[in-house]
Amino acid sequence: MQLIKIEQLPLTFHKATITETATIKKAKKEHFILIKKIGSDKISTEKFYKPISKIFSFDED
Amino acid sequence: MKTNIPFKLFANCILVKGISRSTICDLQRNDVRVIPNDLYDLLIENEGKTIIGIKELYENKFDDIIEEYFQFLYDNEFIFFTKQTTIFPKLSMDWSDSTIINNSIIDIDENSNYDIVNILKQLNTLHCRHLEIRNFNNARVNILEDILSFLNESESTIQSVEILLPFFKDIEEWITSIKDKFLRVDFIRVFKSPFNQNRVPNKDCKAHIMFTKQNYISELCCGKISQKFFSANMKAFTESMNYNSCLNKKLSIDKNGIIKNCPSMQNGYGSSDSVRLEDVISDSNFTKIWNISKDKISVCKDCEFRHICTDCRAYTENPEDEFSKPLKCGYNPKTNEWSDWSTNPLKEKAISFYNLQAVTEKP
C-alpha cells in the first residue's frame with residue numbers, strides 16, 4: 001500500500017479524520033468526568049473498617 | 001459431608017489460638033465462632049487430610065467427637081472438600097495502606113479555639129480518609145458545620161466523618177439539615193440524650209445515628225474494650241496482626257489543639273497552630289507505637305479475640321509498661337469470662353493514676 005501525505009488525502013476523508021479525532025477527544029473527556037463522578041460518589045459513602053474511637057456503641061449501655 | 005475426600009479451610013476463615021480456647025474468624029462474613037483448642041490443633045495438623053484418615057490417626061477412639069467437629073465446620077461453611085488441595089493457597093496476612101494517615105480524631109469542647117481548617121488542609125496532604133470529630137460539653141454546631149462545609153468545598157480526601165456530640169433542644173432539626181448536605185457524615189452519636197435509640201442507615205438517611213442517655217464528659221471516656229467494638233474483616237484483622245489496632249496511621253488533635261497519637265494519651269507533639277503534622281509524623285517517637293501489635297501485649301497475646309479486637313495504649317493496667325493490657329478490658333482469656341473492669345480491685349491504682357474515678361461511677 002502506498003503511503004500518502006495527509007494534505008494529499010481527499011478533502012472529505014481529511015475532514016472525517018479531524019472530526020473523528022475531535023470526537024475521540026470529547027469522548028475521552030466525558031469518560032474521565034464520568035469516572036471521576038463515580039469515584040466521588042463512592043468516596044462519599046465509604047465507611048471505615050473499624051471503630052475510630054471507643055466511647056460508646058448503642059447496646060453497651 | 002464427604003469423609004473420604006481431603007478437607008480445606010476456606011482461605012478467608014482464619015484460626016486464632018488463645019490460652020484456653022480458639023476462634024475461627026470468617027473475614028468475609030464478619031463472623032466469629034469460638035472453638036476448643038483441641039479442634040484448633042486438629043485443624044492445624046491435619047488440613048488436607050480426609051476425615052476417615054483423621055479418625056484412624058486417633059485410632060478411631062474419638063470418631064463421635066471428630067464427626068461432630070467436622071459437621072460444625074461444614075454446616076457453617078468454614079471447610080470444603082477437594083482432591084486439589086494444593087491449588088488453594090493461604091491468603092497473605094500482610095497489611096498495607098497507601099495513605100500516610102488513614103484516620104484522625106479531632107476533639108473540641110467549649111474552650112477550644114485552635115485553627116481546625118488548617119488541620120484539615122494538612123490532613124488532606126497526608127491523604128487522611130476517615131475523621132471523627134468529638135464534641136464534649138456544649139454542642140458547637142457552627143464549628144461542626146464549618147468543618148463539613150470545608151470538606152465539601154475543598155473536595156477533601158476524607159471520605160467519612162463520624163460525629164460525637166451532646167444532645168441539645170433542636171438536634172433533630174439540625175441532623176435533618178445536615179444529613180443530605182454533607183454526605184461524608186456516616187455516623188452521629190448523641191450522648192446525654194433523654195432517650196436511647198439506634199437508627200440504622202436507611203433510604204432517607206445514609207448516616208447511622210445513635211442516641212444514648214449516658215454522659216461522656218471528655219476523652220477520659222474513651223478506650224473501652226468490648227465485644228461491641230470487634231471487627232472481623234480482612235483489613236482490620238491483618239492490620240492487627242502487623243500493627244497496633246487502634247493507633248496505626250492515626251493522628252489526633254486534643255481539645256487544646258495539641259497533636260497526639262490519641263487525645264487520651266499523655267504525650268503531646270506541640271500545638272497544631274505552630275507545628276506541622278508532617279513534621280510530627282516523621283518523628284519516630286510518634287510512629288513507634290504503631291508497631292505494638294496485639295501479639296506483643298501482655299494478656300492480649302493469649303486472647304482468642306486479639307485480632308478482631310481494638311486496643312488502647314492511653315489507659316493500661318501498668319502505666320509504666322508500654323506493653324501492658326488495656327485498663328478498660330474486663331475479659332480474662334484464661335477463664336473466658338467478661339467482668340466489669342471498673343470494679344476490679346487490681347485496677348484501682350491505675351484508675352486513680354489516670355483520674356478515671358469520675359467516668360467509672362455508675363449513673
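**Entry 1. Burial and overall make-up of chain B**

I looked up burial first: of the 363 residues of chain B, 52% count as buried, where buried means under 20% relative accessible area, exposed over 50% and partly exposed in between, with a 1.4 Å probe and protein chains only. The model is predicted, so I note that local features need pLDDT of at least 70 and side-chain atom pairs count only at pLDDT 80 or more, while totals for chains, interfaces and linings use all residues. Residues are numbered from 1 along each chain as its sequence is written, chains are lettered from A and ligands numbered from 1 in the order in which they are written, and side-chain values use heavy atoms, with hydrogens and water left out.

I find 11 helices and 15 strands in chain B; these are DSSP runs numbered from the N terminus, helices being H or I with at least four residues and strands E with at least two. I also looked up contacts in chain B with a separation of 6 or more, and residues 24 or more positions apart account for 65% of them. Contact here means heavy atoms within 4.5 Å.

**Entry 2. Helices α4 and α5**

How do α4(B) and α5(B) pack, and at what angle? Helix α4 (residues 116-125) of chain B packs against helix α5 (residues 141-153) of chain B at an angle of about 30°, and their axes are 10 Å apart. Axes are lines fitted to C-alpha atoms, for helices over the stretch in contact, and angles run from 0 to 180 degrees between N-to-C directions. I therefore record α4(B) and α5(B) as roughly parallel to each other; the classes are roughly parallel under 35 degrees, roughly antiparallel over 145, roughly perpendicular from 65 to 115, and oblique for the rest.

The crossing of α4(B) past α5(B) is right-handed, that is, the near helix is turned clockwise from the far one by less than a right angle, anticlockwise being left-handed. On the α4(B) side the contact is made by B:Ile116, B:Val117, B:Leu120 and B:Lys121, and on the α5(B) side by B:Ile143, B:Ile147, B:Phe150 and B:Leu151. By class I note seven nonpolar, no polar and one charged residues in this contact. Ala, Val, Leu, Ile, Met, Phe, Trp, Tyr, Cys and Pro count as nonpolar, Asp, Glu, Lys and Arg as charged, and the others, Gly among them, as polar.

**Entry 3. Helices α1 and α3**

I turned to helix α1 (residues 37-46) and helix α3 (residues 63-75) of chain B, whose axes come within 11 Å and cross at roughly 80°. That makes α1(B) roughly perpendicular to α3(B). B:Asp38, B:Leu39, B:Leu42 and B:Leu43 of α1(B) meet B:Ile66, B:Tyr69, B:Phe70 and B:Leu73 of α3(B). By class, the contact of α1(B) with α3(B) has seven nonpolar, no polar and one charged residues.

Which side chain does that of B:Asp254 meet in a polar contact? The partner is the side chain of B:Lys260, at 3.2 Å. A polar contact is a pair of N or O atoms within 3.5 Å; within protein, one must be able to donate a hydrogen and the other to accept it, and residues adjacent in sequence count only if both atoms are side-chain atoms. B:Asp254 sits in the loop between β12 (250-253) and β13 (259-260) of chain B and is buried, with a relative accessible area of 7%. Not counting residues up to four places away in sequence, B:Asp254 touches B:Asp107, B:Tyr114, B:Lys260 and B:Pro263.

I placed B:Asn261 in the loop between β13 and α8 (277-281) of chain B. B:Asn261 counts as buried, at 3% relative accessibility. A polar atom of the B:Asn261 side chain lies 2.9 Å from the backbone oxygen of B:Phe286. Beyond four places in sequence, B:Asn261 touches residues including B:Leu247, B:Tyr269, B:Ile289 and B:Trp290.

**Entry 4. Strand β10**

I located B:Arg199 in strand β10 (residues 197-199) of chain B, partly exposed at 26% relative accessibility. The side chain of B:Arg199 makes a polar contact with that of B:Gln197 at 2.5 Å. Leaving aside neighbours within four places in sequence, B:Arg199 is in contact with B:Glu172, B:Ala207, B:His208, B:Ile209 and B:Phe211.

**Entry 5. Positive phi and a glycine**

B:Asn137, in the loop between β7 (130-135) and α5 of chain B, has a positive phi near 60°. B:Val299 is not a glycine, yet I note a positive phi of about 70°.

B:Gly330 lies in the loop between α9 and β14 of chain B and is buried at 10% relative accessible area.
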